[in-house]
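Q: I'd like to learn how to read covalent links and helix packing from a set of coordinates. Could you walk me through it?

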Amino acid sequence: MKNNTEVTDFILLGLTSIPELQFPLFVLFTLIYLITLIGNLGMIMLILLDCRLHTPMYFFLSNLSLVDFGYSSTITPKVMAGFLIGDKVISYNACAAQMFFFAAFATVESYLLASMAYDHYAAVCKPLHYTATMTAGVCARLVIGSYVLGFLNASINIRDTFCLSFCMSNVIHHFFCDIPAVMTLACSNKDTSELILVLLSSCNVFFALLVILISYLFIFITVLKMNTGEGYQKALSTCASHLVAVSIFYGTVIIMYLQPSSSHSMDTDKIASVFYAMLIPMLNHVVYSLRNKEVKSAFKKVVEKTKFSVGFI
């Protein structure tokens, strides 16, 4: 990576500089991170241990949990350190690494959500052809494709961001090295880099969002044709909870990345970033899994096995 800058490190201003809020916010974000950590890693282990969960839906969910854990861990520990010990300095290379992994995991999540929506469509609208449609090979290709597109997108954005010159301020008005926040510091012409960011983000977001909306539209039409009231309510409830999670994720992403960095309000960006960088990873495993009977049954089975094992110690 070519470095045309005299800046060797950056200073993250964080969410707030009010001293009285530092410790309460540290406690809050520590709780959020612990719930994210335990929930997502626990979900992955549960899916691996219970053969009844070895289905396409839970294959996608395990990868979603892995990605949520990944991009939350890229951001939250540094934020916690800033609250607790005031460590707001991040090196040039560490900033680039944080930006790369966050952009990669966030893009992977976008495509995984689209893959999960298509899986739901196949299960609800084409149940007789589901096993033939969602084969192990198809699922593997969808997941691998999500990772390839995610890391390719991150590579292009990082190259276009860090080929800029940072010769003036090194103070980032954010709590992590987000692309728009870092771009505003550039003292060289950033029009091309901003255009590439907006175009790539638009393609990634709108393609995935189009797949999701079309999938759920067909699901909703199929649900309306159901004769049983119980099946209708269950399907509608599931679709509604999924769409709420998807709306929060894509809504905040659109606010953040589909406008030039000069148009950004840093305070708005910080609030939006808290949603998609910290709250969404904490809530996804709840929205997509904990309401399912299969997951509840698998969890009870693991608890019973643990109690049985402990009884013999």
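A: Gladly! In this predicted model, a disulfide joins C95 to C177, with an S to S distance of 2.1 Å. As a general idea, a disulfide is a covalent bond between the sulfur atoms of two cysteines.

Q: Where in the chain do C95 and C177 sit?

A: The pair links distant parts of the chain, 82 residues apart. C95 belongs to helix 3 (residues 92-125), while C177 lies in the loop between strand 3 (171-172) and helix 6 (179-183).

Q: What is the handedness of the link of C95 and C177?

A: The link is left-handed, with -125° about the S-S bond.

Q: Are C95 and C177 buried or exposed?

A: Both C95 and C177 are buried. For contrast, look at two other cysteines. C51 has a relative accessible area of 58%, so C51 counts as exposed, the cut-off being over 50%. C203 is likewise exposed, at 52%.

Q: How many disulfides does the structure hold?

A: It holds one disulfide.

Q: Now for helix packing: what should I look at?

A: Two packed helices are described by the angle between their axes and the distance between the axes. Here helix 1 (residues 19-49) and helix 2 (residues 56-85) pack at about 160°, with axes 9 Å apart. Because an angle over 145 degrees counts as roughly antiparallel, helix 1 is roughly antiparallel to helix 2.

Q: Which residues make up the contact of helix 1 with helix 2, by nonpolar, polar and charged class?

A: The contact divides into 17 nonpolar residues, 10 polar and one charged. As for the crossing, helix 1 passes helix 2 in a left-handed one.

How values were computed:
Residues are numbered from 1 along each chain as its sequence is written. This is a predicted model: local features need pLDDT of at least 70, side-chain atom pairs count only at pLDDT 80 or more; totals for chains, interfaces and linings use all residues. Side-chain values use heavy atoms; hydrogens and water are left out. A disulfide is a pair of cysteine sulfur atoms within 2.5 Å. Helices (H or I, at least four residues) and strands (E, at least two) are DSSP runs, numbered from the N terminus. Buried means under 20% relative accessible area, exposed over 50%, partly exposed in between (1.4 Å probe, protein chains only). Axes are lines fitted to C-alpha atoms, for helices over the stretch in contact, and angles run from 0 to 180 degrees between N-to-C directions. Angles under 35 degrees count as roughly parallel, over 145 as roughly antiparallel, 65 to 115 as roughly perpendicular and the rest as oblique. A crossing is left-handed if the near helix is turned anticlockwise from the far one by less than a right angle, and right-handed if clockwise. Ala, Val, Leu, Ile, Met, Phe, Trp, Tyr, Cys and Pro count as nonpolar, Asp, Glu, Lys and Arg as charged, and the others, Gly among them, as polar.
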